[in-house]
Every structure is written in C-alpha cells, then in structure tokens.
Amino acid sequence: MSKQLGFLHNSEKCVGCRGCEMACKNEYQIDAAPQWRKVFQLHEEDFSLPTRMFFSMACNHCAHPECLRVCPVEAYTKRDDGIVVHDPNRCIGCRLCTMACPYDRPQINSAKKKVEKCNLCYQRIDNGEQPACVAACIPGALELVEINDILDQKTGVLKTLPGLPSPKLTTPSIRFIGPKQGKQIRRD
Amino acid sequence: MGDWEWPLILFTVLGQIAIGIIVMLWWLDRDRDHLDTQLFKQGVYVSGGLLILALLASLFHLGHPEVAYRALAHLGSSWLSREILLFLLTFLAWINLFWLSRRQTSSHPIGADAATITTAEIAAEGQQSGNRSLGLGITSVLGLLGIASSAMIYVLPRVPAWNNVGPVLFFLLTTGLLGALVTLVLGRKLLHPTQKKLLLQCSLGCTIASLLFYVIYASMLSASMEGATSLNFLLSSPLFWARALLGWFAPLLLLVSMLKNSQVAKTNLILTLTLFSVLGEVLGRALFYLSATGIQITALF
Ligand code: SF4
Ligand code: SF4
C-alpha cells in the first residue's frame, strides 16, 4: 500500500446540515434504509460544552479492516491508496461484516439481501474529483486527506472523539478536529 | 442486541449433535469389537441426517444461498470460509463411514461358539473394525475442527462477550453433552451397562463444566460496558432461567440420581434427560446470539 486515504472532519465547522448524507444518497441512488454516511451529534456531557457538536462518518477505510478479515467471499479488497472497496456482486449476504465493523458501516440492504457501504467514491477520485460528500459540504468541514504522521502531528488533529469505539480495534482512517472551547456567555 | 437467529441455532446445534455422535462412537470403539455393529450403523445414519439438516439450515441464514459455494473463497483469514471447508470435508468423511456401514457385517453375538469362527473371518472382522475406527477418527477430528472454526467466527474484537475462549469452549461442550446423550438414546437397547454409564458420566462432566465455565464467563463479562449489557440482558431474561433449569439444574439432578441409583438402563429417564438437555442447549444458543452486544458509536443521531 503506497498511501492511506481517509477523511478529516472538523466539528468546529460542521453545522449538522446532513448535506454530506444527502449527497451520498444522491450520488449512488441508495435505497431508503442503508445510510452509507451518517451525521452524529456528540453528547453534551461527553464534551462538556453547552453547545451542539456534530461529526459525519462513513466507512473509515481502516488500516486493519475487520470487514475484510471476516468476509468469506473476499467481497472486500484494499486498494493501493488504502480505500476499502466492497464488491456487492460477490456478497452472499451472510452479514458477518455487519457484526464485525465497530462503526456499523457495512449495512444490509434488505431488498437486495446484500451488504453495501461507502467505497470513498474511488471512481471519482480516479478521475481527479472529490468524493461526493466532500464536494457537497458547504462549510468545508469534511475533507479527503492522506492519513500520515505529518497530519497526526498537527495541533488539534484527533484520532478519536468521545462516543466512538477505540481506534485500536481497526485503526480507522479518519481524523477529527474537535470543537474548540468556546466563550461561554453567562448572564449572572 | 442480536437477533433470534433460527438458521444459525439449528446449524450449530444439529451439526454439533451430528459430530458428537461420531465422536462418541469413536470413543466406544477404542477397544475393538466393543461397538455394536447395529449401533454403529444407526449412529452413522442419524449423524448423517442431522449433518445434512444442519447444512441446509445454514443456507437460510444467507441472503443469496444460491451462491453459497463462494464462501470457500477466503480461507486465508475468514473463519467462515474455514468452517464451510471443514464441514464439507466432514461430510465427505461421513460418506466414507456410510459406505463402511453398508459393508459391515454384524458382530458375532456374545457367547457364539468360538470353534465356529474361522481364522479368515477373524482377520476380515479385524480389518473391518480397523477401517471403522480410522473412519470414525478422521470424521471426528475434521468435525471437531469444523466446530472450533464455527466458534472462531464469533471471536470478534468488536463483541466483548464473544471475544474470548467462551464460544470455542461452549460449542465443544455442547458437542460432548448432546453427542453422548443422543448416542445413549440410540444405543439404549444395544449398549452394555458399563458403556451407558460411561456416556452418562461424560454428560455429567460436560454439564458441570458448562455450568462452571458459564459462571466464570459471566463474571468476565462485567469487565466491559458491552459485556455488562450482555450480562444484564441474560440475567433479566426468562429464557436464561429456562435455559438454566432445562440445561443445567434438571439434567444435573437426573444424571446424579441415575448414576447413584444405577438406573442407567431406564429408557424414560434417558429420553427425559436428553429432551431437557437439547432444549437447554437450543435456548442457550439462542441467548448466545440474542445477548451479543457490539462496541458501537454511542453518539446521538
Ligand atoms: S469502518 Fe468498518 S466497514 Fe469500513 S473499513 Fe473499517 S471495519 Fe471495514
Ligand atoms: S455480508 Fe457480504 S460482504 Fe459482508 S461478510 Fe458476508 S459476504 Fe462478505
């Protein structure tokens, strides 16, 4: 593997509009139930900020993908750029990957009886375009990045957020910029 | 929380009974000529029937059973691929047993006149029982490896309740327990009292081990948040208490009293005991799937 592509999500910029979710659905005409990308809201008590904070998550194209390890039909492959691609044509719908992924990102399409997930718009990337979710994010909260030490050494870049499974499980290729400690306006 | 996975419950429990029967026949056959030919045949037929049912049941778990053969594609890292391969090999080994059982001539009745048995007959019988023992041994080893692979599928870092030695241990104990009891039912008129006693002792050992390991396993679960959720679910579920009653306490009472009072030959007791244990194990397996809680995103959505 020559590099590892992934996402950088900035909770400070994210307004929770779910535009990334919609762009993903629109790009692939996904049925109603499976949500390849989903916007989550952090629990207030987790971040001790009296404010609403969001993060957006799809498949994290993990460095050690559990989905790929357990799948009996080799429906998952990891490309040279680190993207974990799922091939629905190979899937037999055993649902083992849905049990193994701590982020619940491979999801069963009950009409097709097969699993689906985000493939990081690899066909768009191969054409030099941005993934649909990244291109649609108006405040620029979601970015496509290369996951490497240079990124990890930058101030404010976090490997996880409260409420997320430990990154030790699968080494996900996502980084976060957490909400900053804002000014609290007190009226007393 | 998991789902009520009927296909997986049937596949695992029936498959484990099928392989358990073969293991018990192999065990009884360790001193040549001690395994009744009729029991060998019955055991092979019943285990084959159960194995076929188990494999058919497993197909209902798949979204696309028509391409189930693809599941053999990822032997390098997928325990599901390895399980399917080992179960198919077990089935091939069973076909050999079936073929041997068709060729097996009945053993000489106890007390047959030794003078009427020729040397050639003795040699042929020795060859037959050697092949039988080898066939049972190979099928048992492949089957046990298949069961261990089934269990390894569930050893997932994401599910703390499964990410330990528990699944392998419990699947193998079910194999020993139900294998011994179903063999006892099949051989209730054919087994010697000492053989019946051995099978009852094996069932008792498996039931005690299952109960003890479960207590240790349950105490380990509270170490993680998800494990504690599984444990709370189990303890508050009436199914769990039904499982405990049918699968542990009632069989323990019956087994101890049968062994103590030398009532090893009582058919009604054997049938009741087997029924309780099968129901207990089916409920236990259902709870295994129902209580699984995975590490997940706990943020709001
Ligand atoms: S997030 Fe889940 S589906 Fe995506 S690569 Fe990681 S383990 Fe696989
Ligand atoms: S559901 Fe499909 S992709 Fe997932 S493990 Fe099974 S065969 Fe592989």
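Modeller: Over all chains, the structure holds 13 salt bridges, and the model in which they are found is a predicted one.

Colleague: What makes the pair Glu27(A) and Arg124(A) a salt bridge?

Modeller: The closest N and O atoms of Glu27(A) and Arg124(A) are 3.2 Å apart, and a salt bridge asks for a side-chain nitrogen of Lys or Arg within 4 Å of a carboxyl oxygen of Asp or Glu, so the pair qualifies. The two residues belong to distant parts of the chain, with Glu27(A) in helix 1 of chain A and Arg124(A) in helix 5 of chain A, 97 residues apart. Together with Glu129(A), they are linked in a network of salt bridges.

Colleague: Why does Arg124(A) count as buried?

Modeller: Its relative accessibility is 15%, and buried means under 20%, so Arg124(A) falls in that class. Glu27(A), by contrast, has a relative accessible area of 34% and is therefore partly exposed, since that class lies between 20% and 50%.

Colleague: Why are helix 1 of chain B and helix 5 of chain B called roughly perpendicular?

Modeller: They pack at an angle of about 65°, with their axes 7 Å apart, and angles of 65 to 115 degrees count as roughly perpendicular, so the name applies. The contact includes Gly20(B) and Met24(B) of helix 1 of chain B, and Gly179(B) and Thr183(B) of helix 5 of chain B.

Colleague: Which classes of residue make up the contact of helix 1 of chain B with helix 5 of chain B?

Modeller: That contact has twelve nonpolar and eight polar residues, and no charged ones.

Technical notes:
Residues are numbered from 1 along each chain as its sequence is written. Chains are lettered from A and ligands numbered from 1 in the order in which they are written. This is a predicted model: local features need pLDDT of at least 70, side-chain atom pairs count only at pLDDT 80 or more; totals for chains, interfaces and linings use all residues. Side-chain values use heavy atoms; hydrogens and water are left out. Axes are lines fitted to C-alpha atoms, for helices over the stretch in contact, and angles run from 0 to 180 degrees between N-to-C directions. Helices (H or I, at least four residues) and strands (E, at least two) are DSSP runs, numbered from the N terminus. Angles under 35 degrees count as roughly parallel, over 145 as roughly antiparallel, 65 to 115 as roughly perpendicular and the rest as oblique. Contact means heavy atoms within 4.5 Å. Ala, Val, Leu, Ile, Met, Phe, Trp, Tyr, Cys and Pro count as nonpolar, Asp, Glu, Lys and Arg as charged, and the others, Gly among them, as polar. Buried means under 20% relative accessible area, exposed over 50%, partly exposed in between (1.4 Å probe, protein chains only).
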